[in-house]
Amino acid sequence: MKITEAIKELEQWNIVVIPTETVYGLAADATNISAIKNIFITKNRPQDNPLIVHVWHKKDINTYAKIQSDLEKTLIEKFMPWPFTILLHKKNTISDTVTAGSTLVAIRIPQHPIALKILQDSWLALAAPSANISGKPSPTNITMVEQNFGDSVAVVDGGRCAVWIESTVVQVQWDSVIIHRPGFITPTDIHLAIGKDVPVIYSNEKNNISPGIKYKHYAPKAQIHLLEPGSLLPINSAKRGLIVTDERISKHQCEIAQSNCRIYRRGSHANLLECAQKLYDLYYQADKDGILHIYIESLPEENGVAYAIMNRVKKSLE
Ligand code: TXA
Ligand code: MG
């Protein structure tokens, strides 16, 4: 579908799948309750899991949310547009249906030129969760979108997403930045932008306020098994797939050959962005190949991007 057609659909409160630089989003007018309800139904999304509101420009944020501190202001200045979502106190322009009853609304300015053009030309704020049935991996191209919804939803094709991993979701609490969903923007990036003195903390199960985090998520049909360093592969197993780095393949050629698993290469350890970009692609590929069990190599989590990848892998194990 063309951008102009998509805008017409959105103005009539219909849903359109649009590309963003992270993953495709199932978008609709964030200020129209029936459009929002339609998103929840189409995705089979639990009612208590709020939606991210996408806007075109920083100056639009004030229409939907209150910016209450200098730290929030700085984060917005430095990281928007980017794969970055900030929780702010909502204004009455955003209904409780969008935020699932929370007084906070998640705001994001995407960086993808098509998403930005749609937001700019329509003058709309768009609620857009990832364009997958709840629980499945997020789609990063339109074939993956079709694997979720067939041709029942309109789609704007923006090719393959650049970043893959969903945006980092943060909240300012007192003088700290809390990361509720790890992503492409890492604590190191945030420290570089705001200085080392401000604590940047990953939330834990107790203080995480993103309902999406509590569900099993990002899971393909195949069952996922984590392969810790040093652990051996199952031998002679049918319909099993192995998602591995190039390094493991070259080090453990013999073991891998004996395992009889189908190999899915995720790229090199040295290129974590590629590992991130390939994860959901490989999940969808393995499902297409009829794989029943996927063994996936664990990555050391010290690096923020690896931490985000492992966050998604662990959520798909639960
Ligand atoms: O990269 C992305 O963020 C993609 C693209 C399409 O923009 N969107 C995305 O949306 O991943 P979704 O709905 O799949 O994930 C949104 C996450 C969920 O974990 C949800 O619980 C959390 O953000 N969230 C949204 N609104 C919130 C709120 N008001 N308070 C706390 N958490 C919120
Ligand atoms: Mg999602």
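Here is a walk through this structure, starting at the ligand and ending in the loops. What you have is a predicted model, in which local features need pLDDT of at least 70 and side-chain atom pairs count only at pLDDT 80 or more, while totals for chains, interfaces and linings use all residues. Residues are numbered from 1 along each chain as its sequence is written, chains are lettered from A and ligands numbered from 1 in the order in which they are written, and side-chain values use heavy atoms, with hydrogens and water left out.

Let's begin with ligand 1, which sits in the largest pocket. A pocket here is an open set of points on a 1 Å grid over the protein atoms alone, where a 1.4 Å probe fits, with protein on both sides within 12 Å along at least five of seven lines. To sit in one, a molecule needs more than half of its atoms within 2 Å of the pocket's grid points.

Who gives residues to the shell? Strand S3 (52–54) and strand S6 (104–108) are the elements that each give two or more residues to the shell around ligand 1, and S6 has the largest share, with 4 residues. Strands are DSSP runs of E with at least two residues, helices are runs of H or I with at least four, and both are numbered from the N terminus.

There are 25 residues around ligand 1, and Thr22, Arg45, Asn49, His54 and Ser167 come nearest; being near means having a heavy atom within 4 Å. Sorted by class, the shell holds 12 nonpolar, 9 polar and 4 charged residues. Nonpolar covers Ala, Val, Leu, Ile, Met, Phe, Trp, Tyr, Cys and Pro, charged covers Asp, Glu, Lys and Arg, and the others, Gly among them, are polar.

Now for some polar contacts, meaning pairs of N or O atoms within 3.5 Å. An oxygen atom of ligand 1 is 2.5 Å from a side-chain N or O atom of Ser167, and for Ser130 that kind of pairing comes at 2.9 Å. A nitrogen atom of the ligand is 2.8 Å from a polar backbone atom of Leu104.

Out in the loops, look between helix H4 (70–79) and strand S5 (84–90) for Pro81, which is joined to Met80 by a cis peptide bond with omega about 5°. Trp123 lies in the loop between helix H6 (113–122) and strand S7 (126–127). Its phi is positive, near 65°, though it is a residue other than glycine. Trp123 is exposed, at 77% relative accessible area, where exposed means over 50%, buried under 20% and partly exposed in between, using a 1.4 Å probe and protein chains only.

Notes
A polar contact is a pair of N or O atoms within 3.5 Å; within protein, one must be able to donate a hydrogen and the other to accept it, and residues adjacent in sequence count only if both atoms are side-chain atoms. On a 1 Å grid over the protein atoms alone, a cavity is a set of points where a 1.4 Å probe fits but cannot get out, and a pocket is an open set with protein on both sides within 12 Å along at least five of seven lines; lining residues have an atom within 4 Å of a point.
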